[in-house]
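Please read them with the structure open.

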Amino acid sequence: YSGGAASVLNATSRAFERIFAGTPAEGKIFPSIGNHDVSFLGCTMVETRPYSAPCYYGQKYSIMRKSQEDLTYKQWQGNWQKYFPALNHHASSPKNLDSTFQWETPTRYTLDLEKKSSVHIIVGLDSGSWTLSRTEDTPESALETSTKEGVNPHCSFLRDSLEQGKRRGKTVFVYVTHHFTGACDDWSLVQQVDVWIAGHRHAYWQNMEPGATVVQEQQHYPARIIVGNGGFDEGHIDVVSFVHMKEEVYEKNGVERVSLKFLVKDTCIGDETCPTSIWPNAHCWQKCKDMPGGVDHGGGPRKATDSKYGYGFTFDAMKEQVLVRRANRAVKLQLGTNSSKLRWVTLGKGAGHTVIIPTDDESKATVFTFYDGHVDGLTSTARLASWSKGHVPVSLASDSRTLLVKGNYWKADVKGKADVNLASGEVLKFKRDSEGHLVMLEVTWELDLDMGLQEQLIAAEGKALFLKKHEVLPPSEELVVLREESNDESELVAANVVI
């Protein structure tokens, strides 16, 4: 909670130097700016509302808990660059393709671990502040709001950073922000992020099962992890954790691939029962369990131990760039009981849900994406995600019949747990008939009386519908991204095989 004050950053830097004992070296420590790094109290709900003044840099605040004028932007920026010198020597600023922004540390920058690494780290600015206005001397590149011309700095920086990484031959893109919101909702950019690391919420969470392996060619949503402060101050979780990222290269079918292991270690495990009251923000954890043989700086022996809850995952990707067309691209769909009588697919209001319905109007058709594809003999499987309604996958309702879209990719609870994870979405089946027509299996249209005789898509054993896709973007406009081509049909995603 420094607010960028020189005294606090100096003390923090010295503490890192003492605790890490040179590993990593001082010149290899980088901050990701959050709300309390901007201003001491963070300019969030703890400040009295309404609140229209800027969120001032520094530590000063009024008796009403509102931030007060303290540091200029240049003073604030200079403090970070002075006490975290790695920002001056190892961080880089991508070229802005809009010629609108001049990206700079510590707010937005990129990192390459080393030249031979396949990983490109993108450090963005999503502070979690409720008040997004800043002092007048703050450049537009360090703001979290769009310019007067409507240019979104979040999307602009993400695009520039992805392009920079591709030019450098990188194939794995790790996005780091303090908070996780829909600040950039351009899905053509977001889906190019492989791993998204955030904090802000006082807990740990990941959007895949503990110990899972996420394969780049099959993913659609970024692999996400929330690494908060352990939740001791709010009783959300009884551990304080950090994540160690380890890159290994291996060969498969004569092709080099990258295994990026995210190892979660607990540095403190609570030694009491918490929470102990009905108040959700129970400040009841006061101490860590002693770890015999660990390092003791006066509070008892500590050591990094494997995650108590088995957290962590592996991200598997190609090592070298191969330019191919994206498999999970945006499409509009037509379905019908006859290959010559197809209707467009869109979303509509069902019985308390958003369901899938037909329409004769192409302009009303919903944009979808197929992802997580697999080949199983003569049939293929894939999941399906809608580009509207919060970008969520198609799932099966509790009645085990109705196919619907539910939730919101950007929505999360107070612990950071989101509506959508990598295992969300119904696995759909496909095949081609003897004439080469694409068929979606185990589904059909059914009249729903509660919807005024409106048809909706349901799961139905033994039924099938003909399927035709229409790409939203022509090939000349389609985003070219990096994905591995494979000669092994079993390795191809369903979007390439049947879609």
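1. In this predicted model, a polar atom of the Gln192 side chain lies 2.8 Å from the backbone oxygen of Ser188. Gln192 sits in the loop that runs between α6 (187–190) and β4 (195–198). The relative accessible area of Gln192 is 5%, so this residue counts as buried.

2. Leu41 is also a loop residue, placed between α2 (35–38) and α3 (73–83). Leu41 has 10% relative accessibility and therefore counts as buried, because the limit for buried is under 20%. The C-alpha atoms of Leu41 and Tyr1 are 7.3 Å apart in space, although the two residues are 40 apart in sequence.

3. Which residues have the most contacts inside the largest nonpolar core? They are Val174, Phe313 and Phe315, in a core of 93 residues. Strand β3 (residues 172–176) supplies the largest share of this core, with 5 residues.

4. Strands β8 (residues 239–252) and β9 (residues 255–269) pair in the antiparallel sense, over 14 bridges. Glu251 has Glu256 in β9 as its bridge partner. The hairpin of β8 and β9 has 2 residues between the strands, and Asn253 takes a positive phi near 55° there.

Note on methods
Residues numbered from 1 in each chain as written. Predicted model: local features only at pLDDT ≥ 70, side-chain atom pairs only at ≥ 80, totals over all residues. Heavy atoms only, no water. Core = buried A, V, L, I, M, F, W, Y, C linked by side-chain atoms within 4.5 Å. Buried < 20%, exposed > 50% of the residue type's maximum accessible area, 1.4 Å probe, protein only. Helix = DSSP H or I, 4+ residues; strand = E, 2+ residues; numbered from the N terminus. Polar contact = N/O pair within 3.5 Å; in protein donor to acceptor, adjacent residues only side chain to side chain. Pairing = 2+ DSSP bridges.
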